[in-house]
Amino acid sequence: MNAHDTAVPVPPPGCPAHGSGARVPLHGPEFAADPQAYYEYLRHYGATAPVELAPGVEATLVTDYSAALQLLQDSASFRKDARRWRAFNEGKVGPDSPVAPLLAYRPNCMFADGADHLRLRQAVTDSMARVDTRRLSRSTEQISGYLISQFSGRGSADLLGDYARQLPLFVFNELFGCPADIGDRVLFGISGMFDGINADKATAVLFQAVGELVALKRNKPGDDVTSWLMRHEAGLSDEEMVHQLALLLGAGAEPLRNLIGNTLHRLLTHERYAREGGLIDEALDDTLWENPPMSNYAPHYPAADTELAGQHLQAGDLVLVSFAAANTGPALKASRQAGSNRAHLAWSAGPHACPSKEPARHITVTAIEHLFNELPDVELAVPEDSLAWRPGPFNRALATLPARFTPVRAGRRSDPQPHSRTPEREEASGQARAGERAGMWSQFLNWLTR
């Protein structure tokens with residue numbers, strides 16, 4: 001073996017770990033600009049690597065596909081209950097840490113183990129399975145039409161802020177039966193939590209709004225996910241309802257926003273797609289392989305001192321899976337080349353795999369198809385290398401996606417179809433008009449029924 005074979009790769013430019021022996025930071029503009037360079041460097045540690053998620057927040061990151069599968073599928077050795085997080089319990093990580101909102105314990109199925117997880121997870125899975133794809137398509141197209149109508153006359157838009165960011169929140173508000181006032185606050189709360197702007201206030205607003213939604217549906221159930229979850233044989237308490245709904249709304253909307261945005265980015269920057277018919281699904285799968293919306297997550301904690309792929313781990317250590325690194329590592333290249341296009345880990349795996357994979361794919365494809373149908377000549381408005389990616393260890397998301405297109409004359413939008421005017425929507429839009437609400441969800445309900 002020669003010297004070249006044993007050489008340790010040099011950390012990416014700007015990486016503070018360079019020459020210091022420190023943990024590799026997964027935060028800051030350098031990581032956001034070129035995460036694959038970081039993953040390539042991290043692989044020299046082996047299947048796992050020491051990383052820093054935020055200043056002072058240490059974790060072990062699994063970068064190897066086989067090791068990631070072992071972790072995700074071994075629920076006896078690796079637990080999800082964040083109350084096991086030793087560094088948090090010892091005060092080394094405080095509740096005010098910027099990563100705490102996505103790591104700290106909440107009583108929902110994502111942070112549950114064993115029988116508790118099975119009961120909560122089954123309620124969520126069964127309720128989401130009742131979503132009708134035709135209704136989902138209709139809702140997504142109507143919401144897409146509304147959002148496009150807000151910027152189509154300008155001839156330019158930020159496809160992140162004006163479209164991809166808002167569409168999942170609107171669709172989820174519809175699926176979960178949110179009336180105008182509650183829906184406005186759900187949108188405000190989720191946006192603030194993930195953007196880190198007044199995150200404590202945003203979290204409080206979200207949970208208060210969801211609590212009101214639960215109380216409303218207890219008295220007046222409807223044909224929506226909230227009511228189905230409430231009527232499930234698992235018999236969820238009001239507190240359990242609030243936390244499952246907050247998880248589904250928040251953890252569903254943000255990755256879906258990133259998936260729509262990252263797939264649009266791929267379609268607008270890779271010439272071979274050229275927005276030809278049938279290639280949106282291909283672009284979506286390529287995005288899930290190479291640029292997954294949740295790049296590093298799935299927090300787990302060893303139940304006892306153990307080893308993972310030769311790495312010693314202590315009970316209560318924070319261990320994350322790098323879906324992005326595992327997907328693009330050497331182990332999966334042969335599988336992908338052989339045509340196994342969906343063997344990636346972008347949806348996670350094991351008992352905590354994403355329960356809404358098919359609805360998420362359906363919403364993404366429908367939203368992008370409708371956008372291209374309405375704005376067929378849409379194109380990127382800035383050089384690709386000028387686009388900025390949001391910093392942070394968990395998400396892979398653009399900050400903006402400026403686009404231009406031929407302006408659409410006002411009035412071209414077709415009116416909502418009669419079947420969209422359900423009694424619940426009529427009542428919700430009436431509430432919005434009566435209260436003269438200015439929130440985005442209220443404005444959509446008014447637009448839909450006018």
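A charge is taken to sit over a ring if NZ of Lys or CZ of Arg is within 6 Å of the ring centre and within 35 degrees of the ring normal. In the predicted model described here, Arg-83 lies over the face of Tyr-105, at 4.0 Å from the ring centre. A further case involves Arg-396, whose charged end sits over the ring of Trp-389, 3.8 Å from the centre of that ring.

The protein has 450 residues, and 54% of them count as buried. Its secondary structure consists of 20 helices and 11 strands. The accessible surface comes to about 19,500 Å², and carbon and sulfur atoms make up 51% of this area. Among contacts with a separation of 6 or more, 70% are between residues 24 or more positions apart.

Aromatic rings were examined next. A pair of aromatic rings is described by the distance of the centres and the angle of the planes. The search of the whole structure gives 11 aromatic pairs. One of them joins Tyr-146 and Phe-170, with 6.2 Å from centre to centre and 25° between the planes; this pair is stacked. Tyr-146 belongs to helix α8 (residues 133-151) and Phe-170 to helix α10 (residues 166-175), so the pair ties together parts that are 24 residues apart in sequence. Tyr-146 and Phe-170 are both buried.

Phe-151 and Tyr-163 form an edge-to-face pair, because their ring centres are 6.4 Å apart and their planes stand at 85°, where an angle over 60 degrees counts as edge-to-face. Phe-151 is in helix α8 and Tyr-163 in helix α9 (residues 160-164); the pair links distant parts of the chain, 12 residues apart. Phe-151 and Tyr-163 are likewise both buried. Elsewhere, one aromatic cluster is formed by Phe-31, Tyr-38 and Tyr-39.

Helix α4 (residues 65-73) was examined for the placement of its buried residues, which include Tyr-65, Ala-67, Ala-68, Leu-71 and Leu-72. Viewed down the axis of α4, the buried residues fall within an arc of 160°, so they line one face of the helix. In an α-helix there are 3.6 residues a turn, so residues three or four places apart point the same way. The N-terminal end of α4 is capped by Asp-64, with a side-chain oxygen 3.1 Å from the backbone nitrogen of Ser-66.

Two further buried positions were considered, Leu-268 and Ser-322. Leu-268 is placed in helix α14 (residues 238-269). The relative accessibility of Leu-268 is 14%, so this residue counts as buried, the cut-off being under 20%. Leu-268 and Ala-381 are 113 residues apart along the chain, and their C-alpha atoms are separated by 9.9 Å.

Ser-322 is part of strand β9 (residues 319-322). This residue counts as buried because its relative accessibility is 0%. The side chains of Ser-322 and Asn-296 are joined by a polar contact of 2.7 Å. When residues up to four places away in sequence are not counted, Ser-322 touches Tyr-39, Leu-61, Val-62, Thr-63, Ser-295 and Asn-296. Tyr-39 also takes part in the aromatic cluster with Phe-31 and Tyr-38, and Asn-296 is the partner of Ser-322 in the polar contact.

How values were computed: Residues are numbered from 1 along each chain as its sequence is written. This is a predicted model: local features need pLDDT of at least 70, side-chain atom pairs count only at pLDDT 80 or more; totals for chains, interfaces and linings use all residues. Side-chain values use heavy atoms; hydrogens and water are left out. Rings of Phe, Tyr and Trp (its six-membered ring) pair if their centres lie within 6.5 Å; planes under 30 degrees apart count as stacked, over 60 as edge-to-face and the rest as tilted. Helices (H or I, at least four residues) and strands (E, at least two) are DSSP runs, numbered from the N terminus. Buried means under 20% relative accessible area, exposed over 50%, partly exposed in between (1.4 Å probe, protein chains only). Contact means heavy atoms within 4.5 Å. Accessible areas come from the Shrake-Rupley method with a 1.4 Å probe; for residues, only the protein chains shown count as cover. The arc is that of the directions from the helix axis to the C-beta atoms. A polar contact is a pair of N or O atoms within 3.5 Å; within protein, one must be able to donate a hydrogen and the other to accept it, and residues adjacent in sequence count only if both atoms are side-chain atoms.
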